[in-house]
Amino acid sequence: MAVTQQGKISRHEQKARAEADTRPRRTISFYRYVQIADPKLFRDRLLTVWSSLDCFGRIYVAHEGINAQMNVPLMYWDQFDAWIQSQPELRGVPYKVAVEEHEKPSFYKLTIKVRSKIVADGLDDSTFDVTDTGTYLTPEEMNQYIDDPDAIVVDMRNNYESEVGHFTGAITPDVDTFREELQVVPEQLRVHKNQKIALYCTGGIRCEKASAWLKHNGFTNVRHLKGGIIEYAHQVKQQGLVNKFRGKNFVFDERLGERISDEVIATCHLCRKAKADTHYHCKNQICHALFIGCDACVKKQGGYCSRWCALTDKAPAPLKKWFARYYNAWLRQRPFKKTRLKAS
Ligand SMILES: [Zn+2]
Ligand SMILES: [Zn+2]
């Protein structure tokens, strides 16, 4: 077994083990803004219980609450849910269930981190009323907003997310982070302060903060999609509504996306010609850039984002070490804008 520091098993090993574990799993996400007195203690509690149930995922805990993306073996689902309902901080929290299941595992390990905030927004929460959020939009209302020429629909996610999928006619700011988005949007919508505005994001958590922030910035009619795109996709199916989301919903797990409509709206970053919306991480670990590739290009380039990456990855170890230091700043020729995934 490949062991890294402190007896932890390597990512490769984790992946191999997770893939060998074929028990069906349910992929869910949930969040809640709730006062957590001792985040470290809370984290330890989660870790003990969830690892005993063989859950995988990425979870952030802070004084302000919890933000979780994870999967649960179906055989333990009832136990998992019973435990959640027994916790005062979590009781009744709405789960958002992933659309595509069992295709490939959404996570390979369980990571629970204590953070200062559950979403990195760069805002000082003491300077505005974070509880003054917008009211929710149902999927049906969201569709009405999209059809309403006087309403403005804003995608609160990053460029690499909206690139592969977004609501018809939505404004999709060209930003790499949520922090940046919160700076850009009030400025961009400045002249629309009294118009109807609908915000949306992946699972709804970013809009809680964003709607309060916009209201603080003088916007009078801000609402946001409840449960985000994930819940919208479910409700649309269940209620037989018209789906107005085009393409894929980018998700922050190993799958990197859930297909919502059959339409492919993005273009391959390598050939810039073929329609494609599958994200890959460059196989060169020192690059690891996120890119969209068509089947032909991915096959031709062997999973690398560029010929240069393929070349340097085959270099001898000492040379690679040297590359690693200068790679992203100097050496790599960039065929497209560099993006690395950060937790959102
Ligand atoms: Zn291509
Ligand atoms: Zn690369």
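Mentor: Helices (H or I, at least four residues) and strands (E, at least two) are DSSP runs, numbered from the N terminus. This is a predicted model, in which local features need pLDDT of at least 70 and side-chain atom pairs count only at pLDDT 80 or more, while totals for chains, interfaces and linings use all residues. Residues are numbered from 1 along each chain as its sequence is written, and chains are lettered from A and ligands numbered from 1 in the order in which they are written.

Trainee: What is the phi of aspartate 54, which follows α2?

Mentor: Helix α2 covers residues 39-52, which is 14 residues. Aspartate 54 comes after α2, and its phi is positive, near 55 degrees.

Trainee: Which residues of α2 are buried, and where do they lie around the axis?

Mentor: Buried means 20 or more other C-beta atoms, placed from the backbone, within 10 Å of the residue's own, and exposed means 12 or fewer, with partly exposed in between. The face turned away from the buried side of α2 carries exposed Lys40, Leu41, Thr48 and Ser52. The buried residues are Pro39, Phe42, Leu46 and Trp50. Because their arc (taken from the directions from the helix axis to the C-beta atoms) is only 60 degrees, they lie on the same side of α2.

Conventions:
Expected span 1.5 Å × (residues − 1).
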